[in-house]
Amino acid sequence: MIYVYLSGHDFRYEVHELIKVFFFGEDIIFIDNIDKYDGEGILIENTLNCNSKGIDSTTNVYRNNKLIFKYSVENIENMKIEGNNTKKRIRIGIKKGIYEALIHVSDAQAPWGVLTGIRPVKIIHNLLDEGATDEEIFDIMTNQYKLFPEKANLILNIGKKQRKYLYPLDENRFSLYVSIPFCPTRCLYCSFPTCSIDRYIDYVDRYTDNLIYEIDKISELMKNKSISTVYIGGGTPTTIPVNQLEKIIQAIYKDFGKSNIEEITVEAGRPDTINRKMLEMLNRNKVDRISINPQTMNDSTLKLIGRKHNSREISAAYYLAKEIGFNVVNMDLIIGLPSEGVEEVKTTLKEIEKLNPENLTVHTLSVKRGSKFKDKMSEYHMESQHIIEEMLEETRCFTHNMELNPYYLYRQKQTMGNFENIGYAKEGKECIYNIAMMEEKETIMAAGMGAVSKIFYPLENRIERVPNVKSLEEYLGRTEEMVERKLVNLEIK
Ligand SMILES: C[S@@+](CC[C@H](N)C(=O)[O-])C[C@H]1O[C@@H](n2cnc3c(N)ncnc32)[C@H](O)[C@@H]1O
Ligand code: SF4
């Protein structure tokens with residue numbers, strides 16, 4: 001049990017997220033009176049002091065009532081970070097003090113330092129916007145945010161690579177996300193709002209019509225703006241019949257003009273939804289980029305995670321896509337799947353090497369609420385943080401050798417070992433949508449069940465989320481309202 005007592009501030013959420021990095025899976029209890037610590041387990045006491053000499057924060061860590069570590073951060077108001085926001089400095093200063101104390105009392109590694117948010121590259125963009133040099137950025141990321149040097153270099157390089165796709169910022173530019181929330185079966189780890197095609201097949205016609213209605217309306221709302229990219233995701237869009245998916249793609253082209261769209265991706269995803277007819281339709285409709293996602297190339301794991309396809313089918317789908325003429329194929333992998341260790345990852349990478357895809361996205365397993373896995377976790381053997389790091393190192397060496405360079409990165413809550421997800425691409429084959437969406441520097445208009453629009457305000461450097469409903473029946477009954485929601489937000493803008 002970890003007890004936490006905060007004094008002089010109430011950054012509970014941020015402190016909780018940081019402590020979780022060091023004590024993953026343990027109960028963390030905030031107490032409002034230090035006497036409530038009964039002397040058992042660990043107590044983390046953090047105090048913020050503001051006086052005429054400046055702002056400082058002190059962290060004391062007790063184990064079984066005995067002080068085992070103490071750390072103070074002084075002159076927080078002068079800390080060198082991005083922007084000019086004292087509240088943010090205080091938050092980072094407090095977290096830095098807690099971090100410095102906890103690395104001495106926990107065995108866990110914290111390669112991302114005090115960063116617990118999901119988009120660390122955003123900080124790099126803010127610093128580059130302020131004119132900081134590479135050295136200054138590296139210094140801030142390692143000394144203030146406490147990132148391991150390799151993580152600081154990684155996100156600095158990713159940020160610099162992304163600049164040409166994001167800048168100059170343009171409030172009139174937008175991308176379109178289209179959600180097709182159907183899948184053949186539900187994967188063990190998945191928490192996305194998706195529907196089983198067997199159960200909901202009779203809804204696909206109506207879904208297609210409502211989706212096209214929403215896309216048409218978005219094109220009216222955005223008629224004076226310029227479209228950048230389109231991403232058709234899910235779920236697994238290729239689960240629905242070929243003619244329905246074609247109808248959706250052609251509606252997009254009719255509304256926005258194919259020649260205005262810089263890049264269009266279709267997440268084909270699972271090999272058990274891919275066949276010649278589907279791929280020929282996508283190719284005929286000039287789709288630039290598709291995903292064929294193995295997750296792993298080990299058949300026993302594929303079975304365990306409920307994918308209902310084997311590794312041979314993954315390779316066959318890939319070769320078929322290449323024969324038909326797709327220039328960019330992305331493949332998603334997950335590291336840390338149950339029953340997988342370093343040898344299994346090596347096997348997967350050996351198979352991927354033969355395929356040589358233009359994009360590879362390496363996720364670290366995240367144990368999400370709402371997934372079947374969360375309830376059944378105790379039935380599986382999960383690897384330690386140390387082994388996950390070894391597996392990720394294999395993927396780093398592999399991508400380096402295959403000339404696949406990291407170009408976007410994000411983190412998720414509940415990720416095993418507190419690691420990250422990285423998108424790799426061969427030079428010039430980066431997915432522009434992924435960059436825009438991840439860095440939140442462009443408006444995303446989103447259609448379909450569970451889709452979230454994000455309206456970008458460049459002057460304030462922020463986005464406003466406008467979510468659609470997450471259930472199929474609700475979406476079908478309330479499509480007009482989903483359009484209205486967007487209209488209201490755009491009018492405010
Ligand atoms: C939106 S999902 C769907 C893609 C497609 N339906 C498929 O499964 O192939 C995109 C990717 O996120 C990753 N993913 C999904 N759930 C995850 C989890 N719990 N932990 C880590 N990665 C996850 C998988 O690699 C997946 O391919
Ligand atoms: S991981 Fe992909 S295929 Fe599996 S249930 Fe989730 S969205 Fe569907």
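## A quick term first

A pocket is an open set of grid points with protein on both sides within 12 Å along at least five of seven lines, and a residue counts as lining the pocket if one of its atoms lies within 4 Å of a point. Keep that in mind as we look around this model, which is predicted.

## The second largest pocket

Let's start with the second largest pocket, which has a volume of about 500 Å³. It is lined by 23 residues, and those closest to its centre are E150, K151, L154, E393 and R396. Which elements give two or more residues to this lining? They are the helices α5 (149-166) and α14 (385-401), plus the strands β14 (405-410) and β15 (421-425). Helix α14 makes the largest contribution, with eight residues.

What kinds of residues make up the lining of the second largest pocket? Sorted by class, there are nine nonpolar, eight polar and six charged ones.

## Around ligand 1

Now over to ligand 1, which has 17 residues around it. The closest of them are N293, Q295, R307, D332 and S366. Three strands, β10 (263-269), β12 (328-335) and β13 (359-364), each put at least two residues into this shell. By class, the shell around ligand 1 has four nonpolar, nine polar and four charged residues.

Q295 has a polar side-chain atom 2.7 Å from an oxygen atom of ligand 1. In the side chain of H363, an N or O atom sits 3.1 Å from an oxygen atom of the ligand. G235 uses its backbone instead: an N or O atom there lies 3.0 Å from a nitrogen atom of ligand 1. How much of ligand 1 does the protein bury? On its own the ligand exposes 560 Å², and the protein buries 91% of that.

## Around ligand 2

Ligand 2 has its own set of surrounding residues, including C183, C187 and C190. Also in this group are T185, R186, Y189, T194, G235, T236, R270 and R307. The shell around ligand 2 divides into four nonpolar, four polar and three charged residues.

Where do the two partners sit? E440 is in the loop between α15 (432-439) and β16 (443-447), while R119 is in the loop between α2 (86-102) and α3 (121-129). That pair links distant parts of the chain, 321 residues apart.

Notes. Residues are numbered from 1 along each chain as its sequence is written. Chains are lettered from A and ligands numbered from 1 in the order in which they are written. This is a predicted model: local features need pLDDT of at least 70, side-chain atom pairs count only at pLDDT 80 or more; totals for chains, interfaces and linings use all residues. Side-chain values use heavy atoms; hydrogens and water are left out. A residue is near a molecule or strand if one of its heavy atoms lies within 4 Å of it. A polar contact is a pair of N or O atoms within 3.5 Å; within protein, one must be able to donate a hydrogen and the other to accept it, and residues adjacent in sequence count only if both atoms are side-chain atoms. Accessible areas come from the Shrake-Rupley method with a 1.4 Å probe; for residues, only the protein chains shown count as cover. Helices (H or I, at least four residues) and strands (E, at least two) are DSSP runs, numbered from the N terminus. Ala, Val, Leu, Ile, Met, Phe, Trp, Tyr, Cys and Pro count as nonpolar, Asp, Glu, Lys and Arg as charged, and the others, Gly among them, as polar. On a 1 Å grid over the protein atoms alone, a cavity is a set of points where a 1.4 Å probe fits but cannot get out, and a pocket is an open set with protein on both sides within 12 Å along at least five of seven lines; lining residues have an atom within 4 Å of a point. Grid points are joined across faces, edges and corners, and a volume is the space filled by probe spheres set on the points.
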